[in-house]
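This report goes through selected parts of one structure, from a sheet and its helices to a few single residues. Please keep the sequence and the coordinates at hand while reading.

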Amino acid sequence: MSEILSTPGPAVRDESEIGRYLRWLESRRQLVFPDYDSLWQWSVTDLDGFWSSVWEFFDVRPHTPPTAALGRRSMPDTEWFPGATLNYAEHALGREEDLDAVAVVARSQTRPPVELTFGELRDQVARARAGLLRLGVREGDRVVAYLPNIPETLVAFLATASIGAVWAACAPEFGPRSVVDRFAQLEPKVLLTVAGYRYGDRHVDRRSEVAEIAARLPTVERVVHVPYGPDTVPDALGWTELLAEPGELSFAPLPFDHPLFVLFSSGTTGIPKAIVHRHGGILLEHLKNNALSWDLKPGDRMLWFSTTAWMLWNTLVSALLVRASIVMIDGNPVHPDLREQWRIAQETGTTLMGVSPGFLMACRRAGIRPAEEFDLSRLRQIGAAGSPLAADGFRWVAEQFGDRVLLNVGCGGTDVCTGILQGGPLQTVRAGEISGPCLGVAAHAYDSRGERVVGELGELVITEPMPSMPLGFWGDTDGSRYRAAYFEQYPGVWRHGDWVRFAPEGHCVVAGRSDATLNRGGVRLGTAEFYAVVEDLPGIEDSLVVHLEDPEGGNGELLLFVAGPGELDDTLRTGIARALRSALSPRHVPDVIERVPAVPRNRTGKKLEVPVKRILLGAPPESVAGADVLADPRSLDPFVEYAAARAADAAEPDADADAAEPDADASGPAAGSGQATGAGHGSSS
């Protein structure tokens, strides 16, 4: 039984947004739910009732009312709120009573702090809208942005949405190839960009990148330069010129399914998928998630560091839907040190702080005590997403904040632009586990036969439709790529691509991407299980595991790469093997254990297990992951060297004949000493 760290307190129903929702259901619909589990069960069985209640509870005001909440139910062609017309931007910008409330608080390493009220934000959006219309932008056109997480990006996005044009963004640290691979698919009319920015104490000049991107997007009719730092973009329209004339703040009445923005898959293999999200689906899902899971309400402030290329940027922006303020951070989030985000949370009065699991573990290792060192008295919830959080990370947050702050660890994705598994005020927090499925998300685990499993690893699936499932992929006119991506393995059921294990009570553990699953001798092993054990050992800060299959059906080869300050000697190798064998099983003991300078991750913090595996199988690195996708562009280099060394060894089969025998404590199927060359020797300093 997992360790319980916190349970819902007696005041939750009186003080939280989900408690207010439960009282509303009881008074307006005579529905009474004693706990979260019963509420969730209703939310995924009575789809009409649940989603229409979200519409009414949050007072969605359409231009044209829908004829029903749910028309066609079958996936992937579900029909939501047929007949309705609305506009996401209209709901994000507040109403007359909100004009004086703070909407945006921005902190940057490039310029002084910025603060905008809803009234000021509305004025800038109206002006940007008028400017875009002067440039010829119309409903259905595409506007793309090469911009950081700054207020101008928010203004441009909402202005684009108000017209009914389609938005897409890339962070300015992306290189030209990555940007063009994304934006060229959309054939955009307008490109907004900065000429550079600061990252910590370093100025980054992006003028040559901007010039190349613009040159390779032949449909772009106008480039708009957003001033940010000392440089300018030649021959571009200035942001001040775009906003020079006042305009009417009006909103195109759009069908529920009208495209709002395009998000892109991480692009670690091939051209990124261009995932199209709709006005109505994002509006309803983010109202539900931000209020009922994250407990955001008017007057709250949400801080979650994100680049504009990550779906969490879109989710951050949607805090405006519930009249919470958003805290926008641009630059290096750990400059000048790990305490910077805690400082910003104190300065801005943050109530919901989102961070990566890696950040929490780094703070733990550094001995930071945020609740003692900073005034975080307004903080009620810490969100964590992007990768699994080890049980010790859960315990560290509980030790620092006690019951006063809820730790909400979630798993979601770009594909649905929200959480799938998550916590909330009504849910129990257990060390190392996610509290359960989100409301309205019929998440389960399936085995290879398409049967539901509990207590064992299975594919994470969603068996009922939800409004924020995408319209499809841009340019996929017949929907074949979209269906193949999510519905091919289990027809009519969404396969998300993660391994998950659900307990009978509903809490769960995500065990890594199913396309990175370690299939050892026919037994599937989740990568997250390895990391939870290995990264808890002294001297190891990060790790990555891959499995190279045996084409003849044997156990194959299990390789573990570790990063950390300590030397990887035989003592540490033996300790790793012993810990894995004891905590998991002999099958989890690697054949090879090597040290690398850093574990490769993409810019949203996900470990790049599949690209590393493909490199070890001989693929050139440029074909598996663009350098701009990587958080550290050099992090794949040791694996390229290691792959070359393996190939050389394979050409001389007797070269390692005198290698050390496996340690007795590392026994198990194909356990070994890991005395290989490449990543672990000579390239790790």
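## A hairpin and its neighbour

Two strands are taken to pair if DSSP finds at least two bridges between them. In this predicted model, strand E20 (residues 411-413) and strand E21 pair in the antiparallel sense over three bridges, and Gly413 stands opposite Thr418 in E21. E20 and E21 form a hairpin with four residues between them, and in the turn Cys417 has a positive phi of about 55 degrees.

On to the next partner of E21: two bridges join E21 to strand E23 (residues 436-437), and these strands run antiparallel, with Gln422 opposite Gly436 in E23. Buried means under 20% relative accessible area; five of the five residues of E21 (residues 418-422) are buried, so this strand is largely enclosed by the rest of the structure.

## The seven-stranded sheet

An open sheet with mixed pairing is made of seven strands in the order E4-E3-E16-E15-E17-E18-E19. Its edge strands, each of which pairs on one side only, are strand E4 (114-117) and strand E19 (406-409). On average, and with direction ignored, neighbouring strands of this sheet are turned by 15 degrees against each other.

Within this sheet, strand E15 (residues 301-304) and strand E17 (residues 352-355) pair in the parallel sense over three bridges, and the bridge partner of Leu303 in E17 is Met353.

## Helices across the sheet

Helix H13 (residues 340-348) lies across strand E3 (102-108), E15, strand E16 (325-330), E17 and strand E18 (381-384), and runs at about 165 degrees to E17. Helix H14 (residues 357-366) lies across E17 and E18, running at about 95 degrees to E17.

## Two crossing helices

Two packed helices are described by the angle between their axes and the distance between the axes. The axes of helix H3 (residues 36-45) and helix H4 (residues 47-57) come within 5 Å and cross at roughly 105 degrees. Since angles of 65 to 115 degrees count as roughly perpendicular, H3 and H4 are therefore roughly perpendicular to each other.

The contact brings Trp42, Ser43, Val44 and Thr45 of H3 together with Leu47, Gly49, Phe50 and Ser53 of H4. The residues of this contact divide into four nonpolar, four polar and no charged.

## Helix H19

At 1.5 Å a residue, the 14 residues of helix H19 (residues 570-583) should span 20 Å, and the end C-alpha atoms of H19 are 20 Å apart, which agrees.

Which residues of H19 are buried? They are Leu572, Arg573, Thr574, Ile576, Ala577, Ala579 and Leu580. The buried residues of H19 pack against helix H18 (527-534), strand E32 (557-563) and strand E33 (592-595).

## Two loop residues

Pro112 has its place in the loop between E3 and E4, and is exposed, with a relative accessible area of 61%. His258 is found in the loop between strand E12 (254-255) and strand E13 (259-264), and at 12% relative accessibility His258 counts as buried.

Not counting residues up to four places away in sequence, His258 touches Glu139, Gly140, Gly164, His277, Arg278 and His279.

Terms used
Residues numbered from 1 in each chain as written. Predicted model: local features only at pLDDT ≥ 70, side-chain atom pairs only at ≥ 80, totals over all residues. Heavy atoms only, no water. Axes fitted to C-alpha atoms, helices over the stretch in contact; angles between N-to-C directions. Contact = heavy atoms within 4.5 Å. Parallel < 35°, antiparallel > 145°, perpendicular 65-115°, else oblique. Nonpolar A, V, L, I, M, F, W, Y, C, P; charged D, E, K, R; others polar. Expected span 1.5 Å × (residues − 1). Buried < 20%, exposed > 50% of the residue type's maximum accessible area, 1.4 Å probe, protein only.
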